[in-house]
Amino acid sequence: MIALTLAELAQVTGGSVHGDPAVVVDGPVVTDAREAAAGSLYVARVGEHADGHAYVPQAAERGASAALTTRPVDGLPCVVVEDTQAAFVALSRALIDRLPQLHVVGITGSSGKTSTKDLLGAVLAADGETVAPQGSYNSEVGVPLTVCRVTERTRHLVVEMGARGAGHIAYLTTIAPPQVGVVLNVGHAHVGEFGSVDHVAVAKSELVAALPADGVAVLNADDHRVRAMAEVTPARVVLVGEAQDAEVRATDVVLDEAGRPRFTVTAPFGAAQVALPLVGRHHVGNALAVIAAAHACGLALDDVVATLAQARPASRWRMEVTERPDGVRVVNDAYNANPDSMEAALRALAAMSCRGRRVAVLGSMLELGEESPALHRGVGELAGALGVDLVLAVGDLARDIADGARDSGVATVESVADVDAAQTLLHERLAPGDVVLLKSSRDAGLRWLGDRLSHREDAQ
């Protein structure tokens, strides 16, 4: 973080100093006391189940310099504020306002946000110091944590913006006002909370609505709801996709035997051959968005394409491919799932070369509301249409996936109650040459199972 004294911190947050105002905070800003380090500022948030003030001594033991609190505490100098979240936001905005050279890029979408911000972060880092979110830090806590990692040398800041309701993204743009906004897609993620896909679209559009007139809105030309967001942004619009009128367009898309895409990109600023080392055709759209956003930040096309060719998954459990010594290929994509990302993962599985069977281990998709049974069934039906050989449905909601798979002609369909049963069945059934995909909504058990199947030493 940019170094601040407690006096300066109190000034930007409207708080009062309890302790030495000359104390300097120059380490990482954390909301988890276990992550504190030398020079840290510990933000003592009060949640539904825990009061962060109780962990101030733990933060002190780990080297924190100070805490942001709502009351004086023992063990650390502190800045006392009325509301730690509001103060956290004020701090984040103050840090951005200190960096006039900073390019802020916001990314949203129903699926693909994390993979795209990882790609963009890698591309921009070749141009200068870049801060991008760790994992899926895309909330009212994750965004300030990301912002607070900037230094005086930071040139690019990538911010992933998620939403569970109207106004969420608009709020995040007040924390990190973007000059470039990327909207990848609009789908069924969290549709149970929003009420409809159209309401999801309105929420996602808040990102480009917040752009300045001299900003750039990167919109997916192949998604009609995203394309329509051109009407709500004051910024210059750049359409990306495979549509004929896309300004940054992919043509001649092919997948190699491992399911990795190759394509030609054409744009007003040049043309190039793009080869991605990532699995899945859906990464074509992600890469186009990265190319457009990076160009808006001043990068040359050839440099962007060269970096993309070296890209690797930076966040865990996103299409992680492991070739086991026994000839089984494991694709661990179990970080999260919604109907759109399920489709992308299944299509990636279908595109991969396979000497044995294509196996899909699929768990529940959450927050789909009344549409949940039909959407789960649709995933099973798609597995059948794509020629998946074995579907293993894990958990109660996933039984509808199994029903859809049976009705669509999948050769072997199994439904089990939990991950332990799934592990036992897979141990018995997997054979050399099989390709097995694991996908579910925020299911730590399925991630663990994917790690175990991959023979990862850090599987717990």
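This is a short chat about a predicted model of a protein chain.

Q: How many helices and strands are in the protein chain?
A: The model is predicted. The secondary structure comes to 16 helices and 22 strands.

Q: What is the radius of gyration, and what would a compact globule have?
A: The protein chain has 23 Å. A compact globule with 460 residues would have a value near 23 Å, so the two agree. Along its principal axes, the C-alpha trace spans about 70 × 50 × 45 Å.

Q: What share of the residues is buried?
A: Buried residues make up 55% of the 460. As for the surface, the chain exposes about 18,300 Å². Carbon and sulfur atoms supply 48% of that area.

Q: Let's zoom in on helix 3. Where is it, and how many residues has it?
A: Helix 3 covers residues 84-97, which is 14 residues. From first C-alpha to last it reaches 20 Å, close to the 20 Å expected at 1.5 Å a residue.

Q: Why is helix 3 described as largely enclosed by the rest of the structure?
A: Because 10 of its 14 residues are buried. Among them are Phe-88, Val-89, Leu-91 and Ile-96. Thr-84 and Gln-85 are buried too.

Q: What caps the N-terminal end of helix 3?
A: Asp-83 does. One of its side-chain oxygens lies 2.8 Å from the backbone nitrogen of Gln-85.

Q: And Asp-97, which residue does it form a salt bridge with?
A: Arg-93. The closest N and O atoms are 3.2 Å apart. Both residues lie in helix 3, 4 residues apart, about one turn of the helix.

Q: Why do residues three or four places apart point the same way in an α-helix?
A: Because an α-helix has 3.6 residues a turn.

Q: Is Asp-97 buried or exposed?
A: Asp-97 is exposed, at 53% relative accessibility. The cut-off for exposed is over 50%. Arg-93 is partly exposed, at 32%.

Q: How many salt bridges does the count come to?
A: The count is 23. One of them joins Arg-34 and Asp-32, at 2.8 Å from N to O. Arg-34 is exposed, at 56%. Asp-32 is partly exposed, at 21%.

Q: What about Asp-118 and Lys-117, how do their side chains meet?
A: In a salt bridge, 2.6 Å from N to O. Asp-118 counts as buried, at 15% relative accessibility. Lys-117 is buried as well, at 1%.

Q: New topic. Where is Gly-387?
A: Gly-387 is in the loop between helix 13 and strand 20. Its relative accessible area is 39%, so it is partly exposed.

How values were computed:
Residues numbered from 1 in each chain as written. Predicted model: local features only at pLDDT ≥ 70, side-chain atom pairs only at ≥ 80, totals over all residues. Heavy atoms only, no water. Helix = DSSP H or I, 4+ residues; strand = E, 2+ residues; numbered from the N terminus. Expected span 1.5 Å × (residues − 1). Buried < 20%, exposed > 50% of the residue type's maximum accessible area, 1.4 Å probe, protein only. Polar contact = N/O pair within 3.5 Å; in protein donor to acceptor, adjacent residues only side chain to side chain. Rg over C-alpha atoms; globule rule 2.2 N^0.38 Å. Areas by Shrake-Rupley, 256 points an atom, 1.4 Å probe, with all protein chains shown as cover. Salt bridge = Lys/Arg side-chain N within 4 Å of Asp/Glu carboxyl O.
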